[in-house]
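Work through the exercises below with the structure open beside you. Try each task before reading its solution.

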Amino acid sequence: MVAKDIMRFHAIIWPAMLMALDLPLPKHLAVHGYITMQNKGGESVKMSKSLGNVVDPFVLGERYGCDAIRYHILREMALGADSLFSNEIMINRINSDLANGFGNLVSRTVAMADKYFGGTLPTERESDALDEEFRSVILGLRSAVDGFIDETKIKQALETIFEGVTRANKYIDETEPWKLGKDESKKARLAAVLYNLLEAIRVTSALLAPFMPTVMPKVWEQIGASADDVKYEKLDKFDVLPADVTVHKGEILFPRIDVDKEIEELNSILTANMEAAKAKLSDEEKGTAPAEPITLAPEIAIDDFAKVEIRVAKVTACERVKKSDKLLCLQLDDGMGGRQVVSGIAEYYAPEDLIGKKLQLIANLKPVKLRGVNSNGMICAADTPDGVKVIFVDDSIPVGSKIR
């Protein structure tokens, strides 16, 4: 499991090293994207401490519980793609899936078992053709989830589990247990419906346990499930709970959140925390000023500056210099037949990040050899708190154009 910015190493270089040593290769490479946020211009940008757009996970965890935050991130992030984060998306996800979906399923089922049977279901049951279709959906969840987990498709695995949750809530609407509870002759049918719902909760909650390990044991306590009942080996079976299972009403698992009020309060908390954190950082860490006072080189005359020939060039090819961790070898279209330049930016840029980009080239610098490789010129870059940044040029400017 790696992040996309180091995929090249793990997909090419590391396997090549293993092959050279005749060692086993990884069988599967799972690559995840960045968690992004929208900037003021509406663009999705990577969370970055230097940009100041990070979200404090401790604040979210204390407010909504770690299980809910973990579920939201895994549910939103498709493997290989970036995931957009916002407080509004997170709260709506908690409300829709966890409060209205799963939490509501548990609380309704347990409350009805308690109301109509004093918490303990009778063993006399009356089945219906609808039950078989419902059971088959629940019993098919483990196999489907297994397939997605084997392929590291976490988002799809969670979607599948919640298809079971949605089906269980629909089963309540179809069987209308509140009507059955008013008819003494339908007690056996009502007991069958509630037992089927408890079994559906047992299976879905056990499948959710790896993602929400704190909350699911509370669910098992409420539905009367033992540790043995929720073992993986029993998640493709029905009638696992005792026939006379006893439920226990408990706390609301995922309270519904007032979206507008909560976002306003949460934003104020996160903003205050971010400002407090910034106040503790040094000027260098903030990125607002360098660690040391800026000092300029001795003044030069315009005639001195005129000696430097800066031209626009386009990177046509790029590769790392052998036996060097710092050097990249760039092939440039400079409008004058092309040239090769070696630059010490390998720890900040991968070759593919530069190919096709236009940059500023000091074209009349005396050629040198770096690690045995000819370098005819120098590219312009800036020193920043986050490292070296190449100064790129607008793509509309033709190669060879003089910069003055």
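The exercises concern a predicted model.

**Exercise 1.** Find where Lys187 lies, and state which side chain of opposite charge is nearest to Lys187.

Solution. Start with the position: Lys187 belongs to helix H9, which covers residues 187-208. A salt bridge needs a nitrogen-to-oxygen distance within 4 Å. Finally, list the contacts beyond four places in sequence: Tyr116, Phe117 and Gly181.

**Exercise 2.** Classify the aromatic pair of Tyr71 and Phe162, and state which helices hold the two residues.

Solution. The model has three aromatic pairs. In one of them, Tyr71 and Phe162 have ring centres 5.2 Å apart and planes at 45°, which makes the pair tilted. Tyr71 sits in helix H3 (residues 66-76) and Phe162 in helix H7 (residues 154-175), so the pair links parts that are 91 residues apart in sequence. Now check burial, for which the cut-off is under 20% relative accessible area. Tyr71 is buried, at 0%, and Phe162 is buried, at 6%.

**Exercise 3.** Decide whether Met17 is buried, partly exposed or exposed, and name the residues that share its surface patch.

Solution. First locate Met17: helix H1, residues 7-20, contains Met17. The relative accessible area of Met17 is 39%, so Met17 is partly exposed. Then identify the patch: Met17, Phe9 and Trp14 make a nonpolar surface patch of about 270 Å².

Terms used:
Residues numbered from 1 in each chain as written. Predicted model: local features only at pLDDT ≥ 70, side-chain atom pairs only at ≥ 80, totals over all residues. Heavy atoms only, no water. Patch = residues over 30% accessible without salt bridge, like charges linked within 9 Å, V, L, I, M, F, W, Y side chains within 5 Å. Areas by Shrake-Rupley, 256 points an atom, 1.4 Å probe, with all protein chains shown as cover. Helix = DSSP H or I, 4+ residues; strand = E, 2+ residues; numbered from the N terminus. Buried < 20%, exposed > 50% of the residue type's maximum accessible area, 1.4 Å probe, protein only. Lys, Arg positive; Asp, Glu negative; His and termini not counted. Contact = heavy atoms within 4.5 Å. Phe/Tyr/Trp six-rings, centres within 6.5 Å; stacked < 30°, edge-to-face > 60°.
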